[in-house]
Amino acid sequence: MCELFGVNSTEKIQLNGMLKEFFSHGIDHPHGWGMAFFYGNAVSLEKQPEASFKSKYLKQRLRVEIAADNMLAHIRLATKGNMDYENTHPFVMRDNSDRTWTLEHNGTIFACSALDPFVKLQQGQTDSERILCYLISRVNEAQEKEGRPLTRAERFHLVDEIVCEITPENKVNLLLYDGEMMYAHTNYQNSLHSSRQGKAILFSTRPLTQGRWELLPMNTLVAYEKGKLLFKGTDHGNEFVDSEEKMRLLFLDFASL
């Protein structure tokens, strides 16, 4: 299982301590690491298809002060897709209004026909990238229909609709940033936490030592802007529960990497 970390705040906060702790979990998630920092609609993406605890670059990077008001971080335990740069999170795409969307995912899509057409269009092999490809296609369709960029509310309701569509029988823990709002979702028990720290809301798969952490609401998309909750979506009820058959499929996928 991959791990996610995210920050959404009204002001920059110092992150070195939490990132060092988060990336130390790479011992159990050795197939890649990544970070995304945001400057308006621009994204600074840093990632490598190697274990975070082995990365000389990351070790040096964490020695320099890191402060951000919005950022995403990820460590990968591969279930689909080789250990390649193209399969390392986060993933970034622009819609036809030039809005940048950045997604990281912890989970597995076992079956979802809506995502199948993007297998040949994506750069890598992960189901995570496929989710973002599908999302961008839906955003572009909606904007073409409206003849204008989508509003915050329209973007949220569309992402909420997509989450409801892709979650049945699939594990979909994700953090998503659209340049203004940060979306968070989990449908797997005890696998995504949040922490209110001053003017910031932070997300982490596992609670970190700094701050007080609580479980994110299950099966319900939420979106924050500048540390404040803006939208809460549909309680779709599509909780993912491990089964012997799904674990067998995961083992087969992993063995083929």
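User: Is R155 buried or exposed?
Analyst: R155 is buried, at 3% relative accessibility. Buried means under 20% relative accessible area, exposed means over 50%, and partly exposed is in between, with a 1.4 Å probe and protein chains only.

User: What are the ground rules for this model?
Analyst: The model is predicted: local features need pLDDT of at least 70, side-chain atom pairs count only at pLDDT 80 or more, and totals for chains, interfaces and linings use all residues. Residues are numbered from 1 along each chain as its sequence is written, and side-chain values use heavy atoms, with hydrogens and water left out.

User: Which residue meets R155 in a salt bridge?
Analyst: D178, at 2.8 Å from N to O. A salt bridge here is a side-chain nitrogen of Lys or Arg within 4 Å of a carboxyl oxygen of Asp or Glu. R155 lies in helix α4 and D178 in the loop between β7 and β8, 23 residues apart. Helices (H or I, at least four residues) and strands (E, at least two) are DSSP runs, numbered from the N terminus.

User: And D178, buried or exposed?
Analyst: Buried, at 0% relative accessibility.

User: What about R152?
Analyst: R152 forms a salt bridge with E225, 2.9 Å from N to O. That pair links helix α4 (residues 152-166) to strand β12 (residues 222-225), 73 residues apart. E225 is buried at 16%, whereas R152 is partly exposed at 34%.

User: Which residue does E180 pair with?
Analyst: R99, with the closest N and O atoms 3.5 Å apart. E180 is in the loop between β7 (171-177) and β8 (182-185), and R99 is in the loop between β5 (91-94) and β6 (100-108). They are 81 residues apart. E180 is partly exposed at 24%; R99 is buried at 19%.

User: Which residues are linked in a network of salt bridges?
Analyst: R99, R152, R155, D178, E180 and E225.

User: How many salt bridges does the count come to?
Analyst: The count is 13 salt bridges.

User: Switching topic. How do β2 and β3 run?
Analyst: Antiparallel, with 7 bridges joining β2 (residues 33-39) to β3 (residues 42-48). Two strands pair if DSSP finds at least two bridges between them.

User: What's in the turn?
Analyst: β2 and β3 form a hairpin with 2 residues between them. G40 in the turn has a positive phi of about 65 degrees.

User: Which residue stands opposite S44?
Analyst: F37 stands opposite S44, which is in β3.
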